[in-house]
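Colleague: Please show me the model, and then I will ask about its packing.

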Amino acid sequence: MRQSQALMLLGIIAKNGIVIAGSLPRGVGPEFVKFYESKDTFTCIGHPSITIPTSRVNDNSCDCPDGTDEPGTAACALLDHLSPEQPLPSSLSGTTNTTNALPGFWCANKGHVGAYVPFMYVNDGVCDYDLCCDGAEEYGNVGGVKCENKCAEIGKEWRRVEQERKENLERANKRRRTMVKESKEFRRRVEAKIISLTEEIKELEVKRDELKAKLDEVERQERFKVVKSEGPGKLGVLAGLAKTRVIELRDTLRKVMGERHQLRDKVQELEGILSAFKEEYNPNFNDEGVKKAVRAWEDYAAKIATEAQEQLNEVDILEVMKEDSEESGINWKEYEEDEVTDTDILYSFEAYLPGPVRDFLHSKINLLRIWLIENGMLADTGSERGESRLVKAAREAHDSVANDVNSKRRTLEEQQRDLEKDYGRDDIFRYLKGKCITTEAGEYEYELCWMDKTSQKSKKGGGRTTMGNFDRFDFDEADEEERHDGKGLGRGKRMVLRYENGQGCWNGPNRKTDVWLACAETEELWRVSELEKCVYKMEVGTPAVCEEIVEPGHVKDEL
């Protein structure tokens with residue numbers, strides 16, 4: 001039996017011509033040609049100390065420990081670093097658990113693109129046209145299989161698809177260049193805004209300081225003036241305090257009513273959600289947490305139905321909230337006093353004096369009062385009365401500018417943080433900031449908002465659920481088959497946007513989303529999947545990462 005097999009092998013070798021003068025052994029790739037140019041002997045590539053006759057190249061037997069003497073057969077296909085450890089004395093490790101120095105059987109694929117086929121597919125009776133369109137790997141006609149050369153038609157279709165891919169890539173890169181240009185303009189605007197705000201703040205600070213000095217001076221001058229008190233008597237003071245307190249209570253009541261309306265709306269919304277939850281949940285689903293929540297809602301609904309609720313009369317509340325006047329509330333004019341004081345007499349006397357004399361008299365009296373008060377000889381009663389119109393005007397002018405300064409400072413800090421924020425290479429995601437894309441999958445509509453958040457919304461209604469808030473940029477390795485439509489991650493290093501700390505899952509952690517990016521002509525959310533509970537993966541196409549694209553390989557996966 002062994003003799004017949006040996007004779008058959010010799011016949012195949014003689015028929016196919018293992019080493020033909022002036023040619024290379026079958027299956028040798030262009031980068032390994034220099035190792036097979038000798039016509040008499042062959043030196044093992046990974047083991048230079050071992051030399052064999054060229055007649056033993058491609059003789060269907062592993063003579064070199066690295067398998068380089070069999071570039072055109074499957075004899076050394078069993079050399080694999082993932083294979084079970086079986087004794088093989090001639091290999092580098094002494095077992096089959098080693099690495100073949102050659103990447104595979106080389107198919108020239110004239111008219112198309114040359115590629116390596118794993119040795120285990122050589123003469124296996126299957127035409128591997130995806131890598132070896134010329135059928136050269138099935139030269140032994142195993143099982144009567146003969147693979148015809150289809151490189152012309154496959155190459156033509158491949159070139160058409162490749163040209164289309166290149167055109168799409170060029171359009172995507174062109175749009176990316178536009179996005180980069182726009183992003184730079186957005187950054188320039190932020191920088192210009194920062195410069196403008198800085199100058200405005202400096203000017204406003206000078207103006208604020210000037211107004212503060214004027215306010216201090218006006219307060220000093222007005223503080224020592226002899227003026228008529230707005231409320232000289234105790235009754236007037238008491239009425240003023242009571243009026244102020246009534247106004248404060250009325251404002252508080254307005255706020256309480258506003259909050260009451262908001263809380264009522266929230267209670268109605270929550271009751272609606274829980275009611276729908278009770279109607280739609282699956283009673284056959286054995287989840288004690290869900291059943292407990294449903295029973296709690298039923299108890300709550302029964303309790304509400306039996307309780308007698310006192311309804312506040314909105315009309316009465318609105319009546320209380322009306323402003324005081326002669327027709328409603330308190331007529332405060334009835335409590336105002338018109339007593340005559342020494343100050344009134346002084347002002348009545350001044351009315352008969354000429355203007356210059358009156359101004360002179362005022363200035364001298366004020367200077368005298370200031371001197372007496374500052375030297376502790378006269379009590380300061382200025383704080384017992386309200387501010388004059390002049391002081392109020394000065395204070396309002398100062399406060400207005402001071403508030404403007406604070407507002408512009410907050411805006412400046414926001415702009416500075418935005419300028420320091422990471423927007424990716426070339427600031428490209430500054431262009432996408434605030435824009436959103438959506439897709440539908442199953443019962444949900446998913447949304448990705450760049451640099452903001454990811455969310456999902458049921459098609460049956462309800463609010464959006466936050467699946468994560470943008471946290472950082474990251475990179476990870478993708479390992480997927482290339483899709484014919486180009487809408488896939490492929491293989492290689494890809495940018496990943498990490499969205500963390502979304503809404504909490506039922507009896508689970510907070511949701512989070514990994515947004516994987518691949519090159520595409522437009523922003524498009526391709527697919528959404530839930531890798532594990534509350535952990536989502538979005539596959540997204542965008543021109544923003546087109547320069548990160550990795551060309552697809554041509555090596556067939558042996559697994």
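The questions below concern a predicted model.

Colleague: Which residues touch the most other members of the largest nonpolar core?

Modeller: This core has 27 residues. Elements giving two or more residues to the core include α2 (151-223), β6 (444-449) and β12 (535-542). Those touching the most other members are Phe429, Trp450, Leu497, Leu517, Met538 and Val540.

Colleague: Which residues does Val540 touch, not counting residues up to four places away in sequence?

Modeller: Val540 is among the residues that touch the most other members of the largest nonpolar core. With residues up to four places away in sequence not counted, Val540 touches Ile437, Leu448, Trp450, Val515, Trp516, Leu517, Ala518, Glu524, Leu525 and Trp526.

Colleague: Is Lys537 buried or exposed?

Modeller: Lys537 lies in strand β12. The cut-off for buried is under 20% relative accessible area. Lys537 has a relative accessible area of 14%, so Lys537 is buried.

Colleague: With which side chain does the side chain of Lys537 make a polar contact?

Modeller: Leaving aside neighbours within four places in sequence, Lys537 is in contact with several residues, including Glu480, Asp514 and Arg527. The polar contact of the Lys537 side chain, at 3.3 Å, is with the side chain of Glu480.

Colleague: How many Å apart are the end C-alpha atoms of helix α8?

Modeller: Helix α8 covers residues 389-420, and its buried residues include Val391, His398 and Asp418. At 1.5 Å a residue, its 32 residues should span 46 Å. The distance between the end C-alpha atoms agrees with that span: 46 Å.

Notes
Residues are numbered from 1 along each chain as its sequence is written. This is a predicted model: local features need pLDDT of at least 70, side-chain atom pairs count only at pLDDT 80 or more; totals for chains, interfaces and linings use all residues. Side-chain values use heavy atoms; hydrogens and water are left out. A nonpolar core is a set of buried Ala, Val, Leu, Ile, Met, Phe, Trp, Tyr and Cys residues joined through side-chain atoms within 4.5 Å. Buried means under 20% relative accessible area, exposed over 50%, partly exposed in between (1.4 Å probe, protein chains only). Helices (H or I, at least four residues) and strands (E, at least two) are DSSP runs, numbered from the N terminus. Contact means heavy atoms within 4.5 Å. The expected span of a helix is 1.5 Å times one less than its number of residues. A polar contact is a pair of N or O atoms within 3.5 Å; within protein, one must be able to donate a hydrogen and the other to accept it, and residues adjacent in sequence count only if both atoms are side-chain atoms.
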